[in-house]
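This briefing goes through one protein chain topic by topic. Please keep the sequence and the structure at hand while reading.

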Amino acid sequence: MMDEFRNQSSQMLMIVSQDDLERVVQKAIGKLLDQRENKPETYLTAEETAKRLKVDRSTLWRWNKEGYLVSAKVGSKVRYKLSDVERIQKGEVYER
């Protein structure tokens, strides 16, 4: 019967206790924090970033001004966080 329901609708209603929901959310947040803490940040040059995202360097400049992909200065050099580049590649939108 459940398969018939799934074929008819792409939505499902579930009743979950508050305690169960909190446990699931805390576990997910814990996993994400562990991944983030164990992974040192990697920085890419503007050329590497533009190539990965298949855009022109002028687009990177505009995205930096808009806050969509913010650059970091390392001395006098412009660098981009690999994690931010991967976020854009995945289609995730995050504005600072």
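Asp-20 is partly exposed, with a relative accessible area of 35%. Its side chain meets that of Arg-23 in a salt bridge, at 2.4 Å from N to O. The model is predicted, and the structure holds three salt bridges.

**Salt bridges**

- Arg-23 is exposed at 51% relative accessible area.
- Arg-23 and Asp-20 are separated by about one helical turn because they are three residues apart in helix α2.
- A salt bridge also joins the side chains of Glu-47 and Arg-57, at 2.7 Å from N to O. Glu-47 belongs to helix α3 and Arg-57 to helix α4, so this pair ties together parts that are 10 residues apart in sequence.
- Glu-47 is partly exposed at 45% relative accessibility, and Arg-57 is partly exposed with a relative accessible area of 48%.
- Arg-62 pairs with Glu-66 in a salt bridge, where the closest N and O atoms are 3.5 Å apart. Both residues lie in helix α4, four residues apart, or about one turn of the helix.
- Arg-62 has a relative accessible area of 39% and is partly exposed; Glu-66, at 46%, is partly exposed.

**Fold and confidence**

- The protein chain contains five helices and three strands, arranged along the sequence as α-α-β-α-α-β-β-α.
- Of the contacts with a separation of 6 or more, 48% are between residues 24 or more positions apart.
- Mean pLDDT for the protein chain is 85, with 86% of residues reaching 70 or more.
- Confidence is lowest in helix α1 (residues 2-8), with a mean of 55, and highest in α3, at 97.

**Nonpolar core**

- The largest nonpolar core has 12 residues in all, including Leu-44, Ala-50, Leu-60, Trp-63, Tyr-68 and Ile-88. The elements giving two or more residues to this core are α3 (46-53), α4 (57-66) and α5 (82-89).
- Apart from neighbours within four places in sequence, Ala-50 is in contact with Val-55, Asp-56, Arg-57 and Leu-60.
- Tyr-68 sits in the loop between α4 and β2 (72-74). Tyr-68 counts as buried because its relative accessible area is 19%, under the 20% limit.
- Tyr-68 and Ile-88 are 20 residues apart along the chain, and their C-alpha atoms are separated by 8.9 Å.

**Helix α5**

- Leu-82, Asp-84, Val-85, Arg-87 and Ile-88 are the buried residues of α5.
- These buried residues pack against β1 (43-45), α3, α4 and β3 (77-81).

**Surface**

- Buried residues make up 19% of the 96 residues in the protein chain.
- The protein chain has an accessible surface of about 8300 Å², and 52% of this belongs to carbon and sulfur atoms.
- A nonpolar patch on the surface is formed by Met-12, Met-14, Val-16, Leu-21, Val-25, Ile-29 and Leu-33, which together have about 640 Å² of accessible area.
- Leu-21, one of the patch residues, is located in helix α2 (residues 18-38) and is partly exposed at 48% relative accessibility.

**Backbone at Lys-54**

- Most residues other than glycine have a negative phi. Lys-54, however, has a positive phi, near 55 degrees.
- Lys-54 is in the loop between α3 and α4 and counts as exposed at 76% relative accessibility.

Conventions
Residues numbered from 1 in each chain as written. Predicted model: local features only at pLDDT ≥ 70, side-chain atom pairs only at ≥ 80, totals over all residues. Heavy atoms only, no water. Core = buried A, V, L, I, M, F, W, Y, C linked by side-chain atoms within 4.5 Å. Buried < 20%, exposed > 50% of the residue type's maximum accessible area, 1.4 Å probe, protein only. Contact = heavy atoms within 4.5 Å. Patch = residues over 30% accessible without salt bridge, like charges linked within 9 Å, V, L, I, M, F, W, Y side chains within 5 Å. Areas by Shrake-Rupley, 256 points an atom, 1.4 Å probe, with all protein chains shown as cover. Salt bridge = Lys/Arg side-chain N within 4 Å of Asp/Glu carboxyl O. pLDDT = per-residue confidence, 0-100.
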